[in-house]
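Please look over the sequence and the structure shown here.

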Amino acid sequence: SKKLGATSWPNLPALQDLFLRVALAEALPPAFSSGRDAPNWPVARARFLMQNGALNEAQALLEALPQTAATHIETAFDVSLILDDSARFCQSLAPEHLASLIFEARFFCLVQAGEWDAAALALAAMEALELVTDETATLLWAYLDPDLAEKLVDAQPDPGEINPLIFAVLKDVGLPLNVETLPIKFAAADLDGANGWRAQIDAAIRLAQRGTLSGNELVAIFTQGAPSASGRIWDHVAAWQRFDSELARQNPQATEAALTAAWDAAIELNLEVVFAGLYAKDLKALPLGDDTRRLSHEMLLLTREFDEAVRTLDGQDASSQLLRAIADGQPLLLAPKNERFAAANRAFADGEAVSPTVQRLLDAGRIGEALLKAIADIDAGWIGDPSQLTSGLATLRAIGLEREARQIALQILLLEPRA
């Protein structure tokens, strides 16, 4: 859990997908398979998922666990507050757990149950033990006492002090915070549309960029209304809508005409892989012009179906040759001039060794740590030092993740680096 928590969420979409699979994996890493840290590993994973915006995954993981550890209940409480599901959380608690709750959860659940005096005692205890700042205590007293409600407007804390409880309290009294300025873990709160379609769109984009919102969920939000305002984000949504509509009608000419603006929107929003996953296969099935057909192939190369695209990628230029080679797991003998491309190409050479650090992890059976290091190395290599790409990709191949290594390498070749 310590290694996972110390790892940054990657930027490359295929790495995000692999990273999410690691975080959701049921197996314990060898370093934490015994001892006092082992029972906390699933909760640590759930908390890590929450902190990175994967709220639904975190909630599903927590609900599959027994309510035993205090850290479990605390994390489940935080997730429920952000997802506006706290009533179900409080109702699901066994009576014997209420007394052992952290003070914040006990306070909130007592308020939800209408037990005002008990909630006041819990809040007084928090103040006496200095578990809350004076500003937060003022806010919670105002939440508890309608006569103090006017103080809520003046009691909003600094952004650095915002936690799920404060977030939920302000939302509950009609003073919701601007989620766009808050950490990514709060973004899911705007997906319900309660704060308007624009806020819902912004939250969906932030989460889709991190791979924690599916393409189908994103397009459902993008297409649920007609843009009525001007501005770049609305232009992007309108372009996406036009393309989605024309492709659904299977009209080749209109689809091709709408593709350029929609693809440009996807690029500017850093959602190329999401767009490709949604549309590449259907687009490739239409009779298209040469340029659009090549784009549809490159889009499909960004997805898990990359091997389907490479069979019909018939260009003989250097770029096409490299894409075919990587998709087949065979490096080009003549290394590309581009340093990043050359580093990816080297990883598929026979006998390409992993770094000594990774080899020691593999020899010790610490596969999970080796995988996390590979993910970190590849992401750093994509946006910075290309030399790290070779070692990271070679590690994935050594672990047995050959297909994942190829997909990641293809995205490295086709996407511009971005932090």
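Over which residues does pLDDT stay under 50? The model is predicted, and the stretch in question is residues 28-37. For these residues the model has 13 contacts beyond four places in sequence. Where pLDDT is low, the predicted coordinates should not be read in detail. For the chain as a whole, the mean pLDDT is 86, and 90% of the residues reach 70 or more.

The secondary structure comes next. The chain has 24 helices and 0 strands. Of its 419 residues, 48% are buried. Among contacts with a separation of 6 or more, 55% are between residues 24 or more positions apart.

A disulfide is a covalent bond between the sulfur atoms of two cysteines. The structure holds 1 of them, joining Cys90 to Cys109 with an S to S distance of 2.1 Å. The torsion about the S-S bond of Cys90 and Cys109 is about -80°, so the disulfide is left-handed. Both Cys90 and Cys109 are buried.

Another helix, H5, spans residues 70-82 and includes Asp78. Is Asp78 buried or exposed? Its relative accessibility is 9%, which is under the 20% cut-off, so Asp78 counts as buried. Setting aside residues up to four places away in sequence, Asp78 touches Arg47, Met50 and Pro164.

Ala309 counts as buried because its relative accessibility is 1%. Beyond its neighbours within four places in sequence, Ala309 is in contact with His297, Leu300 and Leu301. Arg294 is 15 residues from Ala309 in sequence, and the C-alpha atoms of Ala309 and Arg294 are 9.8 Å apart in space.

Gln407 brings in residues from other parts of the sequence. Gln407 lies in helix H24 and counts as buried because its relative accessibility is 13%. Which residues does Gln407 touch, not counting those up to four places away in sequence? They are Ala14, Leu302, Thr303, Arg304 and Phe306. Gln407 and Leu15 are 392 residues apart in sequence, yet their C-alpha atoms are 9.4 Å apart.

Rolling a probe the size of a water molecule over the atoms shows where empty space is left. In this model the largest pocket holds about 610 Å³ of space. Its lining has 26 residues, and those nearest its centre are Asp17, Gly215, Val273, Val274 and Arg304. Two or more lining residues come from each of helix H2 (13-24), helix H12 (197-209), helix H13 (215-222), helix H16 (272-284) and helix H24 (402-414). By residue class, the lining divides into 10 nonpolar, 11 polar and 5 charged residues. Arg304, one of the residues nearest the centre of the pocket, is also one of the residues that Gln407 touches.

Technical notes
Residues numbered from 1 in each chain as written. Predicted model: local features only at pLDDT ≥ 70, side-chain atom pairs only at ≥ 80, totals over all residues. Heavy atoms only, no water. pLDDT = per-residue confidence, 0-100. Contact = heavy atoms within 4.5 Å. 1 Å grid on protein atoms, 1.4 Å probe; cavity = no way out; pocket = protein on both sides within 12 Å on 5 of 7 lines; lining within 4 Å. Points joined across faces, edges and corners; volume = space filled by probe spheres on them. Helix = DSSP H or I, 4+ residues; strand = E, 2+ residues; numbered from the N terminus. Nonpolar A, V, L, I, M, F, W, Y, C, P; charged D, E, K, R; others polar. Buried < 20%, exposed > 50% of the residue type's maximum accessible area, 1.4 Å probe, protein only. Disulfide = S-S within 2.5 Å.
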